[in-house]
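Here are my notes on the charged residues of this model. Please keep the structure open while you read.

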Amino acid sequence: MKFKAMTAIAALVAAPLSAVADPDDDTLVVNEEIEMVTKAAAPDHLSDTLDEVMSGWHFRSDETQSLQMDDFDNPAMVFVDQALEKWEEVEGAAGKSCASCHDDVEESMKGVRAVYPKWNDEKEAVYTMAMQINDCRETGMQAEKWKYTGGNMAAMEALISVQSRGMPVNVAIDGPAEAAWEMGKELYYTRTGQLELSCANCHEDNYGNMIRADHLSQGQINGFPTYRLKNAKINTVHARFKGCVRDTRAETYSPGSDEFVALELYVASRGNGLSVEGPSVRN
């Protein structure tokens, strides 16, 4: 079955698809109060490639879409509640919790998800939200780091993302972050693996097309972390990157690697102007 799926992907690039399913024009409003911008003019750096950027929400079925429209139906919110308990939990030799330094999560984390990944002056590197969380745990709490794509990390990212829902993604790509952004762009367009596929082959050249039962989106990550019905858990960006690279039959990078950090920065910037949706619901 896996071989057949990969053959189908290869055929997608080699020949035009016969099955086309355009993204819908529905409006995403969460809890009847947070209206999301799910379609926006493409950022300037994409003006030669795309006219419009679109959330992956538009490429999902009505049933899947509806799960994200109410927190009582969104299965990801169970993990958000778990992370809220972790926010208050004292861990590590310093005898601190997240709340010890950051107080109320709703106030202190508002707007944070919208600007990550971002340049960290002290570390002289682009930092993802996961990297910052682990830095806080190690330095501030003197506690053990979490696994980069583990359950605790995914849940905490979801909790932090909730505080920015509806705010526009505004990832900076100039200044000292530019080198990493350029690296991410190169990775996005480089064909890899036995199937010789790049991110762009599916998410730029063929979004809106059907590959078997899947409706290809633009691969935007404004909805991450996301609850996937496929594996019934919260999934992080780097876990999804790893799966995509693996599906090209290439040797994948490690979560948290320089390559995936750069790729996250570039892909996040492709969604500048869209609303933060995380945690979203996807197939």
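1. Ground rules. A patch is built from residues with over 30% relative accessible area and no salt bridge; like charges are joined within 9 Å, and nonpolar side chains (Val, Leu, Ile, Met, Phe, Trp, Tyr) within 5 Å. Accessible areas come from the Shrake-Rupley method with a 1.4 Å probe, and for residues only the protein chains shown count as cover. A salt bridge is a side-chain nitrogen of Lys or Arg within 4 Å of a carboxyl oxygen of Asp or Glu. Lys and Arg count as positive, Asp and Glu as negative; His and the chain ends are left out. A charge is placed at NZ of Lys, CZ of Arg, CG of Asp or CD of Glu.

2. Source. The model is predicted: local features need pLDDT of at least 70, side-chain atom pairs count only at pLDDT 80 or more, and totals for chains, interfaces and linings use all residues. Residues are numbered from 1 along each chain as its sequence is written, and side-chain values use heavy atoms, with hydrogens and water left out.

3. The positive patch. Which residues gather in a patch of positive charge on the surface? They are Lys147, Lys230, Lys233, Lys242 and Arg246. Arg246 is found in helix α10, residues 237-247. (Helices are DSSP runs of H or I with at least four residues, strands are runs of E with at least two, and both are numbered from the N terminus.) Arg246 has 47% relative accessibility, so it counts as partly exposed. The classes are buried, under 20% relative accessible area; exposed, over 50%; and partly exposed, in between (1.4 Å probe, protein chains only).

4. Salt bridges. Side chains of opposite charge can pair when their charged atoms come close. The count here is 9 salt bridges. One of them joins Glu91 to Arg137, with the closest N and O atoms 3.2 Å apart. Glu91 sits in the loop between α3 (77-88) and α4 (98-102), and Arg137 in helix α6 (residues 129-140), so the pair ties together parts 46 residues apart in sequence. Glu91 is buried at 16% relative accessibility, and Arg137 is buried at 5%. A network of salt bridges links Lys86, Glu89, Glu91 and Arg137.

5. Another link across the sequence. Glu204 and Arg270 meet in a salt bridge at 2.8 Å, N to O. Glu204 lies in the loop between α9 (199-203) and β7 (210-211) and Arg270 in helix α11, so this pair ties together parts 66 residues apart in sequence. Glu204 is buried at 13% relative accessibility. Arg270 is buried at 2%.

6. Arg282 and Glu277. These two form a salt bridge, with the closest N and O atoms 3.2 Å apart. Arg282 is buried, with a relative accessible area of 12%. Glu277 is buried at 1% relative accessibility.

7. Buried charges without a partner. Glu264, in helix α11 (residues 258-270), is buried yet has no salt bridge. Where is the nearest side chain of opposite charge? It belongs to Arg113, 6.1 Å away. Beyond four places in sequence, Glu264 touches residues including Tyr148, His238 and Phe241 (contact means heavy atoms within 4.5 Å). Arg228, in strand β9 (residues 226-228), is also buried with no salt bridge; its nearest opposite charge is Asp214, 6.5 Å away. Contacts of Arg228 beyond four places in sequence include Lys233, Arg240 and Arg282.
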